[in-house]
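Work through these exercises with the coordinates open. Each task is followed by a solution in steps.

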Amino acid sequence: MTTVQSLPTTATRVPPAPKRGSRLTPAALIWPAMLYLILTTQVPFFMTVYYSFFRYNLVDPASRPFIGLANYQTLLTDPQNLRILLNTVVLAGGTLILTLIIGAALALLLNRQFLGRTVLRTLLISSFLVMPLVTAVIWKNMLLSPTSGFFAWVAQSLGLAPVDWLGQFPMFSVIVMITWEWTPFAALILLTGLQSLPDDQIEAARLDGASPWQEFQHIVLPHWTQAIQVVVLMETVALLQVYGEIYGSTSGGPGIATTNLPYFIYQKAFAEYNIGLASAAGVLTVILTNILAVYLLRLIGRTTAHHRGG
């Protein structure tokens, strides 16, 4: 008679049954923010692109014929509009170059230990906190005015004739004004990048007999790459949208000497009610901003790679 031995049974762990009911996944939590961004940024942009293909003037809103790329053709072929495009590039490019140079010099200065450095750093950032329209009013009435401005007083004290800066050198004056406003931003970003540079690299270069220029060229400048890219990217986007400083100082003049694309859009949309042409200028501003930002970032990347390669 055979006996059947019972095999030991192993206990298997059964995974707990999923709880019934709705569960919020991370993707579901992100979608409200994504939907808000799409509604507030992309929908207005695509509406601007849509209106740019029509001859749409609010003086006669019932007539809105489709004209294709005619608004863009007008913008890119009219000599006056080409001058406005050139003004936009000169204003943004000139201000960007000046803020980078002056900001780098201030960052190198503020990175050294000296009495009153904290006070100077606080005073430096103050101009960046001033609103654009207030900046324009201060420079127009208190500094550049040929009758009551500070520079006119200095010129008269030296026996010289005062200069009407906004009348004779309008673009240069506006670039200086916006440079004064944006230099603290560049200086602070570059100072942050400079303070992350290890001291042993500088000391090793000095022990090897590197001159100050070689030290700057081969150690400081490559280390500044990311900081410079941040300054270039953010200032390019901001400077191509400058409006308040021009509105409060020159109103785009004399003539169209200081009219840039944002002020041109304001004139077409709110003075002439030409929504179609203003929309085309807005789309062109977005395209120009992206092209310049990408080109400048690639240029900086190539320059840095060249310096690293020796």
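**Exercise 1: an aromatic chain of contacts**

F54 is buried, at 11% relative accessibility. The model is predicted.

Task: classify the ring pairs Y50–F54 and F54–F66.

Solution. 
- Step 1. The structure holds 22 aromatic pairs. In one of them, the ring centres of Y50 and F54 lie 4.8 Å apart. Their planes meet at 55°, so this pair is tilted.
- Step 2. For F54 and F66 the centres are 5.6 Å apart and the planes stand at 75°. Edge-to-face requires over 60 degrees, so the pair is edge-to-face.
- Step 3. Both F54 and F66 sit in the loop between α1 (26–51) and α2 (70–77), so their pair ties together parts 12 residues apart in sequence.

**Exercise 2: a charge over rings**

Task: over which rings does R64 lie?

Solution. 
- Step 1. R64 lies over the face of F54, 5.5 Å from the ring centre.
- Step 2. The charged end of R64 also sits over the ring of Y56, at 5.2 Å from its centre.

**Exercise 3: the largest cavity**

Task: what lines the largest cavity, and how much space lies in it?

Solution. 
- Step 1. The space is about 30 Å³.
- Step 2. L75, N81, L85, L261, F264 and L284 form the lining. Helices α3 (79–110) and α13 (261–271) each give two or more residues to it.
- Step 3. By class, the lining has 5 nonpolar residues, 1 polar and no charged ones.

Technical notes. Residues numbered from 1 in each chain as written. Predicted model: local features only at pLDDT ≥ 70, side-chain atom pairs only at ≥ 80, totals over all residues. Heavy atoms only, no water. 1 Å grid on protein atoms, 1.4 Å probe; cavity = no way out; pocket = protein on both sides within 12 Å on 5 of 7 lines; lining within 4 Å. Points joined across faces, edges and corners; volume = space filled by probe spheres on them. Helix = DSSP H or I, 4+ residues; strand = E, 2+ residues; numbered from the N terminus. Nonpolar A, V, L, I, M, F, W, Y, C, P; charged D, E, K, R; others polar. Phe/Tyr/Trp six-rings, centres within 6.5 Å; stacked < 30°, edge-to-face > 60°. Buried < 20%, exposed > 50% of the residue type's maximum accessible area, 1.4 Å probe, protein only. Lys NZ or Arg CZ within 6 Å of the ring centre and 35° of its normal.
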